[in-house]
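Me: Could you walk me through the side-chain contacts in this one? I'd like the cut-offs spelled out as we go.
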Amino acid sequence: MKKGIKIFAVIAALVLATACNNKSKETEQSVTSSDSTKTEEHHKKHWEYEGEAGPDHWSEIDQNDCGGKTQSPIDIVETEKDKTIKPIDFHYNQKTKIHDVVNNGHTIQFDFEPGDYIVINGDQYELKQFHFHESAEHTIKGVRYPLEIHMVHKNKDGKFAVVSIMAQEDKKSNETFEFLDKYLPKKANDTVKVNNDFNINKVLPQNRSFYTYTGSLTTPPCTESVQWFIFKTPIEVSIKMITDLKKIMPLNNFRNVQELNGRKIKESI
Ligand SMILES: [Zn+2]
């Protein structure tokens, strides 16, 4: 009888271990594209920022656009000022309930309740998540900022609009990022519950003029037809937040700049 219980305990432990393992795999797969959203991810393959699964090999992964002609990020050099470009209309709430923060092994991603959105040319795009790249992915005349924040939005037709915020180091304390810094998940596949209100508007720079072009998600599946809006003015993020992110994200979690292939970069006034 005792032996029976022992065997049962061993089997139970094995089942539990397998379940936990599956759960962590599921989490990784479900958020495998940091620029994409959780719900629609499936059939995704393993990728990294270096080595055999690194960016040079992303296009070898099945069913993706990583080898396409309109990829991101890019180096922003020659731009055209365009008076007809309207400002982005931000409808971010003063208080958004942040559900949790995920370390998906590629980036740190904040997930929150729906309700924040932007309007671009009369079209509404919901804010789905925001995450970090260190150093920045886009470069401006060859200059790479220490950090780039991607605010990922999607409209009802499934089209992406990503608002990109460059960040430089702030030697002073910074309330906004001290708040976010408190919840950073230390290891890959860790999730930290937040359940706290946050004013996402505080992440945006005061001057909201931007560069805009058509590109892609910067991680597999590198989906194209993404409209990019890159603020010209960087924000300041506390050195502690930047240092903490560096410790917990893959080193240099940015993709190298891609060919323009004739694309034009426009600049709002
Ligand atoms: Zn990104």
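Reply: To start with burial, a residue is called buried under 20% relative accessible area, exposed over 50% and partly exposed in between, using a 1.4 Å probe and protein chains only. By that rule Tyr49 counts as buried, because its relative accessibility is 11%. Please keep in mind that this is a predicted model, in which local features need pLDDT of at least 70 and side-chain atom pairs count only at pLDDT 80 or more, while totals for chains, interfaces and linings use all residues. Residues are numbered from 1 along each chain as its sequence is written, and side-chain values use heavy atoms, with hydrogens and water left out.

Me: ok, and how many aromatic pairs does the structure hold?
Reply: There are 13 aromatic pairs, where rings of Phe, Tyr and Trp (its six-membered ring) pair if their centres lie within 6.5 Å, and planes under 30 degrees apart count as stacked, over 60 as edge-to-face and the rest as tilted. Among them is the edge-to-face pair of Trp47 and Tyr49, with 5.4 Å centre to centre and 80° between the planes.

Me: which other ring does Tyr49 pair with?
Reply: Tyr49 also forms an edge-to-face pair with Trp58, at 5.9 Å centre to centre and with 70° between the planes. Trp58 is buried because its relative accessible area is 0%, and Trp47 counts as buried too, at 1% relative accessibility.

Me: and which Phe residues form one aromatic cluster?
Reply: That cluster is made up of Phe110, Phe112, Phe130 and Phe132.

Me: switching topic, which ring does Arg208 lie over?
Reply: Arg208 lies over the face of Phe90, 5.4 Å from the ring centre; the rule for a charge over a ring is that NZ of Lys or CZ of Arg is within 6 Å of the ring centre and within 35 degrees of the ring normal. Lys232 has its charged end over the ring of Tyr211, at 5.8 Å from the centre.

Me: what about disulfides, which cysteines form one?
Reply: Cys66 and Cys222 do, with their sulfur atoms 2.0 Å apart, and the count comes to one disulfide when cysteine sulfur atoms within 2.5 Å are taken as a pair.

Me: why is the disulfide right-handed?
Reply: It is right-handed because the torsion about the S-S bond of Cys66 and Cys222 is about 80°.

Me: last one, are those two cysteines buried or exposed?
Reply: Cys66 is buried, with a relative accessible area of 7%, and Cys222 counts as buried at 0% relative accessibility.
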